[in-house]
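Here is a structure to look at together with its sequence. Please keep both in view while you read the questions and answers that follow.

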Amino acid sequence: MDYSALCEEFEGRNCAAKLDAPLKNATTFRIGGNAQLLVRPRDEEAVRYVIRRCYEEEIPCTLLGKGSNVLISDEGVKGVVMILSANFSGVEVRDGTTLVCLAGTPLARVCYVAYQHGLTGLEFAWGIPGTVGGAAYMNAGAYGGEMKDVIRRCEHVTPDGEAGSLEKDDLQLSYRHSAYTDNGCCITRVVLQLEKGGRDAIRARMDDLMHRRKTKQPLEYPSAGSTFKRPEGAYASALIDQCGLKGFSHNGAQVSEKHAGFVINQNGATAKDVLELIRIVQEVVLAKTGFSLECEVKIIK
């Protein structure tokens, strides 16, 4: 495949496109190699076109939002990497309590729009560093709330470039899972159903949760958020702490001293460093506690 020609083709279809583009700054871990071809579509028609062309040419197409729950290989990513973020962002309020969001909209922006319009139900997501599409994809949650509490519908593009949608009952939302983690579709729009509330109470809740995040989480270091899923009957951070691994490091990667559930990029870590540290943590926790920790971070290579 002539990727130079494909790059020009995508640029002519309302996309920003670049060959051999660095990906490390497209992730919150600040780790990773280059994309063979990086594409940023500006509208849904462009998204469908990129996905359809990748399907026709049998080229892998990797999807990213703000890269907040991923670890990209040091060797980079073959094929096309399509990012839906700033170029594919916007929120519209409909019928008083419904938010219609383009998938690349930062979740923080969606939360703030909800607050501005006195809409409650999304406060738990204030401070989650991702896009609304990514949050729907993994049913993101925190502090007793999950996206499944507020999602009404998702619109998407299928792997062969056709438009479609799934209503809430078909989204298969569960802990860090949705239908989209299995079906290969690209979420383009998320429809949220909220409720009327008091702005002062909403703001107070948002401020409280942000304060908790800042005091308990290592936000001053690059990371992908919580590294491990919560095992049934326990908490990953407590198990890791119990095993004496808080602060343990491997080269530039470290188990955070502030929150043992976070693996951070402390000092120029590579993806290899992070993966080795994850392996060590899993091995030690299993040997000492009997709990098997499943990695929550999506590994892209």
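Predicted model: local features only at pLDDT ≥ 70, side-chain atom pairs only at ≥ 80, totals over all residues.

Q: What do the buried residues of α8 pack against?
A: The buried residues of α8 pack against β4 (70-72), α7 (236-242), β16 (249-250), β17 (253-255) and β18 (262-265), where contact means heavy atoms within 4.5 Å. Residues are numbered from 1 along each chain as its sequence is written, and side-chain values use heavy atoms, with hydrogens and water left out.

Q: Which residues in α8 are buried?
A: In α8 the buried residues are A271, D273, V274, L277, I278, I280, V281, V285 and T289. Buried means under 20% relative accessible area, exposed means over 50%, and partly exposed lies in between (1.4 Å probe, protein chains only).

Q: How do you know that the span of α8 agrees with its 19 residues?
A: The expected span of a helix is 1.5 Å times one less than its number of residues, so the 19 residues of α8 should span 27 Å, and because its end C-alpha atoms are 27 Å apart, the two values agree.

Q: Why are the side chains of R189 and E44 said to meet in a salt bridge?
A: A salt bridge is a side-chain nitrogen of Lys or Arg within 4 Å of a carboxyl oxygen of Asp or Glu, and the side chains of R189 and E44 meet at 3.1 Å, N to O. The pair links distant parts of the chain, with R189 in strand β13 (residues 186-193) and E44 in helix α2 (residues 44-57), 145 residues apart. Both residues belong to a network of salt bridges that also links R48, R153 and E155. By this rule the model has 18 salt bridges.

Q: What makes E44 buried or exposed?
A: Its relative accessibility is 17%, and therefore E44 counts as buried.

Q: How do you know that R279 forms a salt bridge with E276?
A: The closest N and O atoms of R279 and E276 are 2.7 Å apart, which lies within the limit for a salt bridge. These two residues are 3 apart in helix α8 (residues 271-289), so about one helical turn separates them. R279, at 37% relative accessibility, counts as partly exposed, and E276, at 26%, is partly exposed as well.

Q: What makes α1 roughly parallel or antiparallel to α2?
A: The axes of helix α1 (residues 3-11) and α2 come within 11 Å and cross at roughly 155 degrees. Angles under 35 degrees count as roughly parallel, over 145 as roughly antiparallel, 65 to 115 as roughly perpendicular and the rest as oblique, so α1 is roughly antiparallel to α2. Such axes are lines fitted to C-alpha atoms, for helices over the stretch in contact, with angles from 0 to 180 degrees between N-to-C directions. In this pair, L6, E9 and F10 in α1 meet Y49, V50 and R53 in α2.

Notes:
Helix = DSSP H or I, 4+ residues; strand = E, 2+ residues; numbered from the N terminus.
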